Amino acid sequence: MTHNPVRPWRNIDRRKSRQIMVGNVPVGGDAPISVQTMTNTDSSDVAATVAQIQRAAEAGADIVRVSTPDQAATKALKEITRESPVPIVADIHFHYKRAIEAAEAGAACLRINPGNIGDEKRVAEVIRAAKDHGCSIRIGVNAGSLEKHLLEKYGEPCPDAMVESGLDHIRILQDHDFHEFKISVKASDVFMAAAAYQQLAEATDAPIHLGITEAGGLMSGTIKSAIGLGNLLWMGIGDTLRVSLSADPVEEVKVGFEILKSLGLRHRGVNIISCPSCARQGFDVIKTVEVLEKRLEHIKTPMSLSIIGCVVNGPGEALMTDVGFTGGGAGSGMVYMAGAQSHKMSNDQMVDHIVELVEKRAAEIDAETAPQAAE
C-alpha cells in the first residue's frame, strides 16, 4: 500500500501476491513494481543485443526480455546473460526445446505461451529445466494466440478464455511442484485486457505481469498503455509491467516509469511539472522543457522540478517542488528552492542554472538518504 495520511485519496491498496525472484529482482509481495522491456535486435548478435540491454538498464529497466526463436539465439544467450547488467527473460514460442536451452544458457526466467508451447509433457520438460537451473517462469497468455479448444469453446478471444488458459497452466506448474511463476493475460484491446486482469487477480495469488500487447506506436501506444495499465495499477493490480511500443525499447522503459511515477508507485529521476504554455508565458516553455528533459536524463534521484510560464500557477506549483522556475517580465523569472522564492534569473541563463541547481539538490538528497539506506 502507498500510505499518505495527509492525502488519503492518493493511497493505493496493492493486491497481495506471492513473491518470486527473477534473477536478483523480487517480483510480487511488497517489492516495487518492476519495469521491463524487450530487445528488438537479432538475438544471435551478441554485441548489438547487449548494447541495447545496457541502454535499457541505464534508462531504468529492471528486467529485459530477449526473444529466442532458434538455436543460434539460445547459443548467444549464454554470453548475453553473462554480460547483461539486469536479469534476462527468454521469450519462448512454439519450440519448447528453446526454453530448455535458454535455461541452460543462464536465463533468469522463461516466458512460455500456453497457446503454442505444446502439451503437458513438453511443459513438464520445461519445468524440469527451470528447476535444474534456478529459473522462474512467466505464463504469458495472449488474446491473439489462444489454444484452439478455447477458441472453439468461447467462439472468440475473450477475458474468460484468457483466464482459463492461464489457470490451466498454473495447474500444470503446481502439479509438478513448481511455484516460482508469474502470469500475464495480454490483449491489444484495452477493455479485454483490463477485464481479464481483474478476473485473474481474484483467481490466483501469483505475481501478475501487466501489459497491453501490440499497443501501437510511441504516441498511440503510450496513451493506450497509460489507460489500461494505469487503471489496473490504480486498483492495486500488477507486480511488474512492460509497455509494448513500436519504438525504441528505451522509450518503453521511460513510459513505464512515467506511468508508475504518476501514481506514486515508483520514484526515479526528475519529475518535471510544466504548463502547456500560452500567450502569458515569460519564456519559451515548450522548448525549455524539451531541453531540460534531455539535460536531466542522467539524474536518477527522485525529485521534482516545476517549469511554469507565468505567475498564474507558477508560485503555487513551486510550493510543491524541490526546484522551480516561474516566468516573469523583462526577460527574467523567479527561481524557487523547496517552495520558497530564492532569486531572479535571466531567461537566457535559466537552463544551465536550473541544471546546476537540480544536480546540487540531487546530491543533497542522496547524501541525506545514504545513512538511512545503510541502516
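Which backbone oxygen does the side chain of Arg111 reach? In this predicted model, the side chain of Arg111 extends to the backbone oxygen of Gly140, at 3.1 Å.

**View 1. Polar surroundings of the Arg111 side chain.** Besides reaching the backbone oxygen of Gly140 at 3.1 Å, the side chain of Arg111 is joined to the side chain of His93 by a polar contact of 3.4 Å. Arg111 counts as buried because its relative accessibility is 4%, and the limit for that class is under 20%. When neighbours within four places in sequence are left aside, the residues in contact with Arg111 include Arg65, Val89, Ile92, Arg138 and Asn142, as well as His93 and Gly140.

**View 2. Strand β6 beside strand β5.** Arg111 belongs to strand β6, which spans residues 109-112, and Arg111 is the bridge partner in β6 of Asp91. Strand β5, residues 88-92, runs parallel to β6 and is joined to β6 by four bridges.

**View 3. The open sheet that holds β5 and β6.** Eight strands, in the order β8-β7-β6-β5-β4-β3-β10-β9, make up an open sheet with parallel pairing. Its edge strands are β8 (181-186) and β9 (209-210), each of which pairs on one side only.

How values were computed. Residues are numbered from 1 along each chain as its sequence is written. This is a predicted model: local features need pLDDT of at least 70, side-chain atom pairs count only at pLDDT 80 or more; totals for chains, interfaces and linings use all residues. Side-chain values use heavy atoms; hydrogens and water are left out. Helices (H or I, at least four residues) and strands (E, at least two) are DSSP runs, numbered from the N terminus. Buried means under 20% relative accessible area, exposed over 50%, partly exposed in between (1.4 Å probe, protein chains only). A polar contact is a pair of N or O atoms within 3.5 Å; within protein, one must be able to donate a hydrogen and the other to accept it, and residues adjacent in sequence count only if both atoms are side-chain atoms. Contact means heavy atoms within 4.5 Å. Two strands pair if DSSP finds at least two bridges between them.
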